[in-house]
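Here is a short briefing on one protein model. Please look over the fold first, then read the points by topic.

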Amino acid sequence: GCATLHREQAPKFRGLYGMNRSEKRVAQPVSVAIWRKDGQARHVELAVCRLDQTREMWILLDITEHDQAAQALRRSEDHLRSIVTAAADAIITIDEHGLIDTFNPAAERIFGYTAAEVIGQNVRLLMPPPYHDAHDGYMARYLKTRVTHIIGIGREVLGLTKSGATFPLDLAVSEIGDLGLFTGILRDLTD
């Protein structure tokens, strides 16, 4: 169908056309806002390729839905980040090797480490013996058998602070889909 450019997009469009008329064979794609006949605004990416001295190929790719999906994803990520940041309970995510991926502000308060100090470290850092020594075996067994022993079941464990003090925690673990990540939600049970 026919479309018209948004008035403010016309100079960019003309520039692309002019660039294509130069010696370059392919012009850099440009994002352009257009109006369809039905009045709907669309976001397209326009690329022009000169085939020879007299012929050009113009390619318009409608990226409106892609942009909307990307924007929705950013909003969802921002929403989730704000929940994790504001949570009163510690939220820690680890990968399948036990390496810490996320460490929220509540976890920083409870354990005494900053996120920067623990991200990329093995979660055993936050556990006293015997949990510390057994954790990698638990992970390996679960990844091999997919039989859950702690995932989906809350239980009381001991945590280990940066200063070396131990304290009781309520721990709930869940697996994040097929991402190879696990989330632990921890509540300090110290009175």
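How much space lies in the largest pocket? The largest pocket holds about 560 Å³ of space. This is a predicted model, where local features need pLDDT of at least 70 and side-chain atom pairs count only at pLDDT 80 or more, while totals for chains, interfaces and linings use all residues. Residues are numbered from 1 along each chain as its sequence is written, and side-chain values use heavy atoms, with hydrogens and water left out.

**Overall fold**
- The protein has 5 helices and 9 strands (DSSP runs numbered from the N terminus: helices are H or I with at least four residues, strands E with at least two).
- From the N terminus, the order of elements is β-α-β-β-β-α-β-β-α-α-α-β-β-β.
- Of its 191 residues, 32% count as buried (under 20% relative accessible area; exposed is over 50%, partly exposed in between, with a 1.4 Å probe and protein chains only).

**Largest pocket**
- A pocket is an open set of points on a 1 Å grid over the protein atoms alone, where a 1.4 Å probe fits, with protein on both sides within 12 Å along at least five of seven lines.
- Its volume is the space filled by probe spheres set on the points, which are joined across faces, edges and corners.
- The lining has 28 residues (each with an atom within 4 Å of a point).
- Met 127, His 135, Ile 150, Leu 171 and Val 173 lie nearest the pocket centre.
- Two or more lining residues come from each of β5 (90–95), α5 (131–145), β7, β8 and β9 (181–188).
- α5 gives the most, with 6 residues.

- β7 (residues 155–160) and β8 (residues 166–176) pair in the antiparallel sense over 6 bridges (pairing needs at least two DSSP bridges).
- Leu 158 has Pro 168 in β8 as its bridge partner.
- The hairpin leaves 5 residues between the two strands.
- Gly 164, in the turn, has a positive phi of about 95°.

- Leu 51, Met 57 and Ile 59 form a nonpolar surface patch with about 230 Å² of accessible area together (Shrake-Rupley method, 1.4 Å probe, only the protein chains shown counting as cover for residues).
- Ile 59 is found in β4 (residues 56–62).
- Ile 59 is partly exposed, because its relative accessible area is 41%.
- Leu 189 lies in the segment after β9 and is partly exposed at 32% relative accessibility.
- Leu 189 and Phe 167 are 22 residues apart in sequence, and their C-alpha atoms are 7.5 Å apart.

Methods: Patch = residues over 30% accessible without salt bridge, like charges linked within 9 Å, V, L, I, M, F, W, Y side chains within 5 Å. Salt bridge = Lys/Arg side-chain N within 4 Å of Asp/Glu carboxyl O.
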